[in-house]
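The sequence and the structure come first.

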Amino acid sequence: MFKKIALSTTFLIALFSLVACGQSSESKDNDLRTLTDAQDHKVDIPEKPKRIIASYLEDYLVALDEKPVAQWTVGEGKIQNYLQDELKGTPTINYDLPYEDVLKFEPDLLLIGSNGSLEGGKYKEYSKIAPTYVVKNGDNVTWRDQLEDVGKVLGKEEQAKDVEKDYDQLIEKTKKDLKDKIKGKSAVVLWVTNNSAFMVADTRSNGQLLYQELGFEVPQLTKEISKKATADFSQVSLESLSQLDADYIFLVNSDSGAAMFKDPLWSNIPAVKNKHLYEFDGNSSWLYNGPIAYTKMVENIQDVLK
């Protein structure tokens with residue numbers, strides 16, 4: 001009789017230990033950290049979020065070895081094609097994050113990359129669905145700033161620094177390998193869509209990559225456009241482009257049938273005439289931000305100038 005009682009007691013202790021262990025593990029997975037976001041919200045962040053929605057911030061998630069439950073799309077199924085090796089098969093969610101669609105994916109964390117996307121009281125509604133954190137954003141915020149902020153939210157600050165370090169090494173290697181192609185040479189990024197041309201500003205988007213990081217000279221036309229720039233890309237007329245003195249043109253072509261390409265003004269642009277026009281399609285990374293996008297741009301530049 002005593003032996004049976006002893007066995008039963010031992011069994012109960014073991015059972016309680018397993019339950020306690022399970023509860024401890026579950027508690028650890030669900031631990032919360034309170035962080036202050038870009039709009040001064042106090043947000044309780046899960047220690048290990050498993051179902052993240054980060055519309056238009058997927059580059060940062062992938063760079064930090066995270067995969068969202070849904071990825072950004074706009075218009076007729078437009079997605080970030082350059083990320084599809086990692087995001088292939090990931091369902092899409094419209095860029096403006098409709099409440100019903102967000103609910104459907106049952107996220108445990110929402111990362112928002114733009115203050116403008118929260119107009120009309122959206123933050124309050126999103127925060128009812130899941131912890132909602134607004135990542136640093138704005139004209140003076142770089143992809144590095146956003147990467148570090150996302151890294152902080154995910155508890156991957158050191159990994160974010162490693163990503164930046166790898167990128168910086170790529171930049172230095174490219175500057176060394178292409179020294180003769182960069183030093184004293186000017187370059188410009190043009191985007192053509194709907195038979196209209198847009199030029200990147202000198203301190204924005206990939207303009208910052210060309211001029212501040214790689215060290216290309218800034219063409220005079222780019223300087224003039226940049227003074228009035230209110231966005232990454234500013235529209236520029238074909239007549240103005242005919243005076244473009246850039247040694248290289250990196251063209252993001254979202255309209256291969258554009259009439260402007262058949263115009264003599266285009267054909268007589270020095271870089272076009274000298275066959276220093278390097279073309280990338282609208283599915284490339286050149287219209288996006290993030291460490292992966294910029295890494296691919298640098299690799300593109302290496303490929304065409306080597």
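In this predicted model, helix H7 (residues 157-177) packs against helix H14 (residues 291-305) at an angle of about 15°, and their axes lie 11 Å apart. Angles under 35 degrees count as roughly parallel, so H7 is roughly parallel to H14. The crossing in which H7 passes H14 is left-handed. On the H7 side the contact involves Val163, Tyr167, Leu170, Ile171 and Thr174, which meet Pro291, Tyr294, Thr295, Val298 and Gln302 of H14. Sorted by class, the residues of this contact are 7 nonpolar and 3 polar, with no charged residues.

Helix H14 also meets helix H9. The axes of H9 and H14 come within 11 Å and cross at roughly 60°. The two helices H9 and H14 are therefore oblique to each other, and their crossing is right-handed. From H9, the residues in contact are Ser205, Asn206, Leu209, Leu210 and Leu214, while H14 supplies Tyr294, Met297, Val298 and Ile301. This contact of H9 with H14 holds 7 nonpolar and 2 polar residues, and no charged ones.

The remaining pair to describe is H7 with H9. Their axes come within 11 Å and cross at roughly 70°. Angles of 65 to 115 degrees count as roughly perpendicular, and H7 and H9 are therefore roughly perpendicular to each other. H7 passes H9 in a right-handed crossing. Here Tyr167, Ile171, Thr174 and Lys175 of H7 meet Leu209, Glu213 and Leu214 of H9. By class, the contact of H7 with H9 has 4 nonpolar residues, 1 polar residue and 2 charged residues.

| Helix pair | Angle between axes | Axis separation |
|---|---|---|
| H7 and H14 | about 15° | 11 Å apart |
| H9 and H14 | roughly 60° | within 11 Å |
| H7 and H9 | roughly 70° | within 11 Å |

Some residues take part in two of these contacts. Tyr167 of H7 meets H14 and is also among the H7 residues that meet H9. Tyr294 of H14 is in contact with H7 and is one of the H14 residues that contact H9. Leu209 of H9 is part of the contact with H14 and of the contact with H7.

The other topic is the largest pocket, which holds about 1200 Å³ of space. Its lining is made up of 36 residues, and those closest to the centre are Tyr56, Gly138, Gln146, Asp232 and Asn289. Strand S6 (109-112), helix H6 (143-153) and helix H9 (205-214) are the elements that each give two or more residues to this lining. The lining of the largest pocket has 15 nonpolar, 14 polar and 7 charged residues.

Definitions and conventions
Residues numbered from 1 in each chain as written. Predicted model: local features only at pLDDT ≥ 70, side-chain atom pairs only at ≥ 80, totals over all residues. Heavy atoms only, no water. 1 Å grid on protein atoms, 1.4 Å probe; cavity = no way out; pocket = protein on both sides within 12 Å on 5 of 7 lines; lining within 4 Å. Points joined across faces, edges and corners; volume = space filled by probe spheres on them. Helix = DSSP H or I, 4+ residues; strand = E, 2+ residues; numbered from the N terminus. Nonpolar A, V, L, I, M, F, W, Y, C, P; charged D, E, K, R; others polar. Axes fitted to C-alpha atoms, helices over the stretch in contact; angles between N-to-C directions. Parallel < 35°, antiparallel > 145°, perpendicular 65-115°, else oblique. Left-handed = near helix turned anticlockwise from the far one by under 90°. Contact = heavy atoms within 4.5 Å.
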